[in-house]
Amino acid sequence: MNDSDRIEQLRRSANLNTQNHNYQAAIEDYTRLLELTPTDAQIYWCRKGAWHSLGNYQEGIKDCTQFLKLRPNAAEGYLARAAFLEITGNLQEAIDDCTQALSIDNSRFNYDVYILRGGTYFRLKNYQAALQDFNQSISLEPENISGYQKRGYCYDKMKDYHKAIKDFTQVISREPTYYKAYYGRAGAYFMLPNDYKSAAASDYESAARLSQAQGDTETYQSAMKWVGITGGNSSISDNNQIQRPVQMSHVVAAIFFPPLAVYLTVGLGTQFWINLVLTFFFTWIPGVIHAVWLVYNHDRS
């Protein structure tokens with residue numbers, strides 16, 4: 001097989017492995033390709049995507065750097081490297097790459113660059129610089145809710161709560177089920193005089209319902225805490241409990257050794273001694289039934 005055929009075969013293999021989410025194999029294919037075509041910038045670009053999928057951001061940075069050596073005027077290269085740098089906590093370097101990307105006449109990526117640089121400034125608590133970037137992102141794509149959401153958080157940190165509320169409301173008007181906007185707006189309402197506390201409670205309730213429906217347990221629990229603080233409808237948690245999955249190890253124990261399953265589920269208490277009696281004095285089966293019932297109802301509560 002000549003080099004040309006081998007290159008084509010490796011390209012097909014890399015593409016197939018990427019499509020199948022077999023990223024480690026794809027990386028091995030791209031690495032072999034680079035041995036044959038070391039100046040092919042596109043291979044570095046593709047490999048950095050596989051590194052990202054595997055969470056190996058340092059290698060992603062290296063591939064972005066190699067890509068930029070071959071294509072120094074590619075704004076997308078600076079944007080991609082900036083994203084890796086931001087993830088790894090190299091915030092000033094990420095800002096520098098974003099600024100370099102904006103210096104290149106390629107408006108196709110400017111929205112994403114402003115969003116990323118604004119978020120990085122936000123992490124550095126440079127809220128004024130972040131605000132300017134989010135303003136730019138909104139001017140470029142006024143229909144995209146991300147800029148309004150991020151600017152809302154920025155206004156909130158700057159204690160300009162009315163403007164924060166306005167931005168979160170803009171998000172909600174376009175995406176009525178976006179619970180993070182309700183949560184953000186509730187926080188801004190809460191910082192205003194008592195006249196706004198009912199609005200805060202209502203938004204926390206909405207954030208709780210929507211985050212629960214969408215499976216975000218952390219936000220749901222936080223929102224429910226604030227529902228209680230603001231005097232909202234705390235019955236949400238009673239009527240719409242998040243159900244935890246039954247632990248299969250408990251079910252297996254319930255079948256093969258019921259008292260152990262009960263002990264693992266509720267500890268050494270009344271139910272344990274009841275199960276012990278049912279298991280060893282009533283021919284095992286009642287103990288199994290009792291253990292399975294207890295595991296299912298406890299684990300799902």
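This report describes selected helices, residues and a pocket in a predicted model.

## Annotated repeats

The UniProt record, an unreviewed entry, lists residues 7-40, 111-144 and 145-178 under "repeat: TPR". In the predicted model, the span 7-40 is 79% helix and 0% strand, with its end C-alpha atoms 12 Å apart. For residues 111-144 the content is 79% helix and 0% strand, while the end C-alpha atoms lie 10 Å apart.

## Helix H4 and its buried side

Helix H4 comprises the 14 residues 57-70, and the distance from its first C-alpha to its last is 20 Å, close to the 20 Å expected at 1.5 Å a residue. Six positions are named here as buried in H4, namely Gly-60, Ile-61, Asp-63, Cys-64, Phe-67 and Leu-68. The packing partners of the buried residues of H4 are helix H3, which runs over 41-54, and helix H5, which runs over 75-87.

## The largest pocket

The largest pocket has a volume of about 150 Å³, and its lining is made up of Gln-149, Lys-150, Tyr-153, Tyr-178, Lys-180, Tyr-183 and Thr-219. Two elements, helix H9 (145-157) and helix H11 (179-190), each give two or more residues to this lining. The largest share comes from H9, which provides three residues.

## Ser-211 in helix H12

Ser-211 belongs to helix H12, which spans residues 197-213. Since the relative accessibility of Ser-211 is 0%, and buried is taken as under 20% relative accessible area, this serine counts as buried. When neighbours within four places in sequence are left aside, the residues in contact with Ser-211 are Tyr-179, Asp-216, Thr-219 and Tyr-220. One of these contacts, Thr-219, is also a lining residue of the largest pocket.

## Phe-256 in helix H15

Phe-256 lies in helix H15, which covers residues 248-256. With a relative accessible area of 60%, and with the cut-off for exposed set at over 50%, Phe-256 is classed as exposed. In sequence, Phe-256 is 28 residues away from Trp-284, and the C-alpha atoms of the two residues are 9.6 Å apart in space.

Conventions. Residues are numbered from 1 along each chain as its sequence is written. This is a predicted model: local features need pLDDT of at least 70, side-chain atom pairs count only at pLDDT 80 or more; totals for chains, interfaces and linings use all residues. Side-chain values use heavy atoms; hydrogens and water are left out. UniProt positions are given in the numbering used here, feature names are shortened, and annotations may be inferred rather than shown by experiment. Helices (H or I, at least four residues) and strands (E, at least two) are DSSP runs, numbered from the N terminus. Buried means under 20% relative accessible area, exposed over 50%, partly exposed in between (1.4 Å probe, protein chains only). Contact means heavy atoms within 4.5 Å. The expected span of a helix is 1.5 Å times one less than its number of residues. On a 1 Å grid over the protein atoms alone, a cavity is a set of points where a 1.4 Å probe fits but cannot get out, and a pocket is an open set with protein on both sides within 12 Å along at least five of seven lines; lining residues have an atom within 4 Å of a point. Grid points are joined across faces, edges and corners, and a volume is the space filled by probe spheres set on the points.
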